[in-house]
Each structure stands twice: as C-alpha cells, then as structure tokens.
Amino acid sequence: MEFLDPDSLMQFLGRVVLIAPVTLLAFLGLPSLVGSPLSERTTGRAVRWVIAIGLFASVGVLALMLITDARHVVVDLGNWVEIKDEASGHSTDHGHYHFVVKFAFDRLSVPLTILSFVLCGTIGAFAVLYMHREPGYNRFFVLYAVFLTGMVVASLANTIETLFTGWELVGLSSALLVAFFQDRPAPSRNGLRVWVVYRVSDAALLLAAVVLHHMTGEGDFDRLMGSTSWPEGTAEMNEWQALQVGLLLLVAVAGKSALVPFSGWLPRAMEGPTPSSAVFYGALSVHLGAFLLLRMSPLIAVSMWLAIAVIALGLITAAYAYLVGTVQTDIKSALSFASLAQVGIIVAEIGFGHWVPFLWYVALVHLLGHACMRTLQFVRAPTLLQDYRNLEDALGDRLPKPPGPLAFAPVWVRTFLYRFALERGYLDAILTDYVVRPFVWVFLWFDRLERRWAALLAWGELRGQGDKETRSETTAESGSPKAEQHR
C-alpha cells in the first residue's frame with residue numbers, strides 16, 4: 001500500500017509526466033531513423049494517447065498538491081556528474097561542480113506543463129488533418145515531439161543545466177520547423193536567421209550557468225533561490241551578483257522571446273506551417289523567456305537595477321510591437337507582433353514584481369491566458385480571412401476600419417512612424433551592419449592571416465625540399481664516372 005501514499009503517488013505521476021513526451025519522441029523518431037516511418041493514422045493515435053496520458057498525470061499531480069497542501073514536489077533522477085575539490089576531497093565545498101537531473105513541481109511549473117500538454121494536444125489534433133498527405137508529415141511530428149519534450153523539461157527543470165537542455169530542444173525544433181519547406185529559399189534562409197539568434201540566446205544562458213557555478217558552486221534552483229516554493233524563495237547572493245546573472249539571463253530571454261533588439265526573427269518564423277506558428281511562436285516558445293524570468297524572480301527581488309532593466313525592455317518591446325504590428329499586411333505577421341506586444345507587457349509586469357510581488361501571479365495568469373488566446377487566433381486565422389471575404393462580397397465594399405491612435409498627429413509624425421514601422425524599426429539592418437558585419441570582418445581577417453601563414457610555411461617547406469634535391473643531384477654527379485675522369 002506504499003504506492004497509495006500521496007507522496008509516492010505524486011512521485012509516480014511526476015515520472016509519467018516526464019516519460020510521456022520522451023516516449024512519443026522515441027516512438028516517432030526511431031522508425032524514421034531506420035527508414036520506416038509510421039503511417040499517418042498510427043502517428044495521430046500515438047500523439048493523442050501520449051498527450052492524454054501526460055495531461056492526466058500532470059493534472060493528477062496538481063490535484064494531489066492541492067489536496068495535501070504540498071507546494072513543492074521534487075523528482076530527483078540522481079547526480080550524474082560530480083567533481084570534488086581535490087584539496088579537501090569533499091563535494092560540498094564551494095567551487096565544485098555537479099550535474100543533477102532534478103525536476104520540481106510547484107505553482108509555476110505545473111500550470112505551464114499543463115498548458116504545454118493542452119496546447120500541444122490541440123495543435124496535434126489540428127495538424128493531423130492540416131498536414132494530411134504532406135510529404136513532410138512524419139518529419140513535422142518528430143519535430144513536434146522534440147518541441148514537446150523540450151517544453152516539459154524546461155518547465156519542470158530544477159537546475160539551470162536541466163533547463164538549458166529543454167531550452168536547446170525547444171530552439172532546435174523551432175528553427176527546423178521554420179525551415180520545414182526547405183525546397184524554397186525563403187524558409188531555409190529565415191530558419192538560419194532564427195537559429196543564429198537562438199545561438200546568441202543559448203550562449204547567454206550557458207554563460208549565466210557558468211557564472212552561477214562560480215558564485216555559488218551549483219546551479220540548483222532550490223538552493224540558489226531558497227528551499228521555499230515559488231515565489232517566496234530568496235536568492236542567496238548580493239545585489240551586484242544578482243545583477244550580473246540577471247543581465248545575462250535577460251539577454252537569453254530577449255533572444256528566445258524576440259524582445260528588442262532581437263524582434264526581427266519573429267515574423268521570419270511565420271514561414272513554417274500554421275500549426276507550428278500557432279503553438280510555437282504564438283503560444284509557448286515565445287513565452288519561454290518570460291517563464292525564465294518568473295523562475296528567476298528572486299534575482300529580480302534582490303536587485304532594483306535588474307528590475308528597472310526588465311521593465312524598460314518589456315515596455316520598449318510592447319511599444320515597438322504595437323507600432324510595427326499596425327502596418328503588417330499578412331495576418332500571421334500581424335498576430336505575431338500582437339503576441340510580442342503582450343509578451344512585452346508580461347515582462348514589464350515581472351519587473352514591477354520587485355515592488356509588488358503579487359504581480360508575479362498576475363504575469364503568470366496573463367501568460368497562460370494569452371497563450372490560449374493566440375493559439376485560437378492562429379488556428380482560426382485562415383477561416384477568418386475567408387469569412388471577411390464573404391462578408392465584403394455580400395456588402396459589395398470593404399469593411400470600414402476604425403481610425404488609429406495617431407490619426408490626428410501631424411503628417412510628418414505619421415510619415416516617420418509609418419516608415420519606421422514598415423521597416424520594422426530597422427532592427428535587422430542594425431544587427432547586420434553593426435553586430436554581424438564586424439564579426440564577419442574579424443573572421444575574414446583571421447582567415448586571410450591563416451592563409452598567409454600557411455602559404456609562407458608551405459613555401460619554406462617546398463624551398464627546403466628543393467635545396468635537398470639539389471644537394472642530392474650534386475652528390476650523385478660528383479660520384480659519377482665522368483666526374484672521376486674529369487678529376
């Protein structure tokens with residue numbers, strides 16, 4: 001009867017939540033590796049059953065937590081790597097490294113996990129019909145399983161290394177799905193652009209993990225943020241240390257959630273299929289950065305300057321996204337910028353939580369509600385356009401548009417803002433000219449330098465070989481009969 005114990009049952013259900021997406025990935029991916037992909041019907045059934053099992057298990061964990069008043073349930077899969085201090089031989093000293101695979105079910109991770117299963121299940125049911133007879137049907141669902149696994153791992157991670165693993169899986173699947181239609185040049189080019197921005201974000205997160213280890217000796221959230229459940233945890237570092245780590249995390253968040261100045265990749269991501277655009281860039285992936293800020297909210301509580309930076313970045317992104325979204329001519333880009341505007345507001349709410357901690361709950365509820373709404377809008381967009389066309393055909397005229405907030409501004413102001421919004425703030429051009437191009441120039445300079453040294457060394461080696469051959473010929477001629485006769 002030990003299995004019926006609430007703690008044991010929560011541990012079991014927690015493992016089911018973690019195993020479900022991994023099982024789906026193995027079930028869909030392994031046959032593809034051997035060249036025998038599953039049929040569409042089998043793939044659809046597998047997606048429905050695995051999503052249902054994972055969803056019911058996560059809801060079961062939530063119900064048991066509410067019944068037993070448990071605020072923090074940890075599923076520990078062991079210490080996989082441990083480097084001890086050679087001087088003392090102990091693994092508890094500051095300066096050691098250990099990699100623990102550990103997952104936490106709390107008031108932040110459980111709602112996002114349930115949201116991931118609900119929205120991925122909805123989009124999975126939609127994609128089974130939407131992707132019917134598509135040549136890349138199986139490839140789409142394999143990447144879909146990779147994304148689901150990454151979202152669950154990142155949502156439940158209780159160490160920064162485990163979170164980085166889920167973060168990478170989400171980024172990899174997202175970039176590959178942007179380039180899903182690889183037979184056209186635009187999706188491949190845009191997928192590469194998304195992948196480059198994600199690399200910057202991943203590098204910042206990895207550097208933050210290294211800094212955390214140097215400061216505290218570990219990357220476990222329950223030790224870094226206190227043993228209490230979210231959001232009552234307290235960061236065990238001073239204001240300057242929190243600011244250092246927080247700014248690195250803010251760069252990672254900006255890249256993953258398309259905040260300014262990395263907003264240019266978001267409309268490019270719309271090159272992927274509509275199901276991936278709906279669940280990734282409209283609902284889950286674009287909110288993953290805000291989730292990371294919520295997870296690291298104890299750092300924001302320690303540093304006022306970090307909170308100010310978070311607020312400024314969120315408000316600037318919201319204003320930018322609203323302005324650019326008003327001039328978009330396709331519905332997917334308009335929805336993506338509308339989603340970005342709300343993400344900016346969510347980020348600002350998280351920053352204001354430094355003074356009003358209750359706003360962290362508001363930001364979490366805002367995130368959950370906005371993700372559901374955007375998923376519905378992305379899925380509904382094609383039929384909505386058809387409904388508008390039918391309505392305009394019935395009326396015989398265009399539907400009237402309400403005046404914008406700048407309708408009464410001077411002409412030169414409206415012209416400038418329109419051009420600014422139409423060029424999407426020139427962010428892509430600025431990053432290309434002032435960030436990418438200097439790096440490319442430096443790399444090309446090193447390439448030329450390497451080629452010169454290689455040519456110089458090769459010329460010296462060839463010259464040495466030529467001198468050696470000359471000496472050999474001279475020695476051979478000196479020992480010949482004709483040389484003897486001459487002497």
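## Surface and overall make-up

The chain has an accessible surface of about 24800 Å², and carbon and sulfur atoms hold 66% of that area. The model is predicted. The chain has 487 residues, and 47% of them count as buried.

Its secondary structure consists of 18 helices and two strands.

## Helix 2 and what follows

Helix 2 covers residues 40-68, which makes 29 residues. From first C-alpha to last, helix 2 reaches 42 Å. That is close to the 42 Å expected at 1.5 Å a residue.

Just after helix 2 comes D69, with a positive phi of about 60 degrees. The loop between helix 2 and strand 1 (73-83) also holds H72.

## A look at H72

Is H72 buried, exposed or partly exposed? Its relative accessible area is 29%, so H72 is partly exposed. Buried would need a value under 20%, and exposed a value over 50%.

Which residues does H72 touch, leaving out those up to four places away in sequence? They are M65, A104, F105, D106, N158, D222 and S229. Take F105 from that list. H72 and F105 lie 33 residues apart along the chain, yet 5.8 Å separates their C-alpha atoms.

## Cysteines

C120 has 0% relative accessibility, so C120 counts as buried. C372 has a relative accessible area of 36%, so C372 is partly exposed.

Note on methods. Residues are numbered from 1 along each chain as its sequence is written. This is a predicted model: local features need pLDDT of at least 70, side-chain atom pairs count only at pLDDT 80 or more; totals for chains, interfaces and linings use all residues. Side-chain values use heavy atoms; hydrogens and water are left out. Buried means under 20% relative accessible area, exposed over 50%, partly exposed in between (1.4 Å probe, protein chains only). Helices (H or I, at least four residues) and strands (E, at least two) are DSSP runs, numbered from the N terminus. The expected span of a helix is 1.5 Å times one less than its number of residues. Contact means heavy atoms within 4.5 Å. Accessible areas come from the Shrake-Rupley method with a 1.4 Å probe; for residues, only the protein chains shown count as cover.
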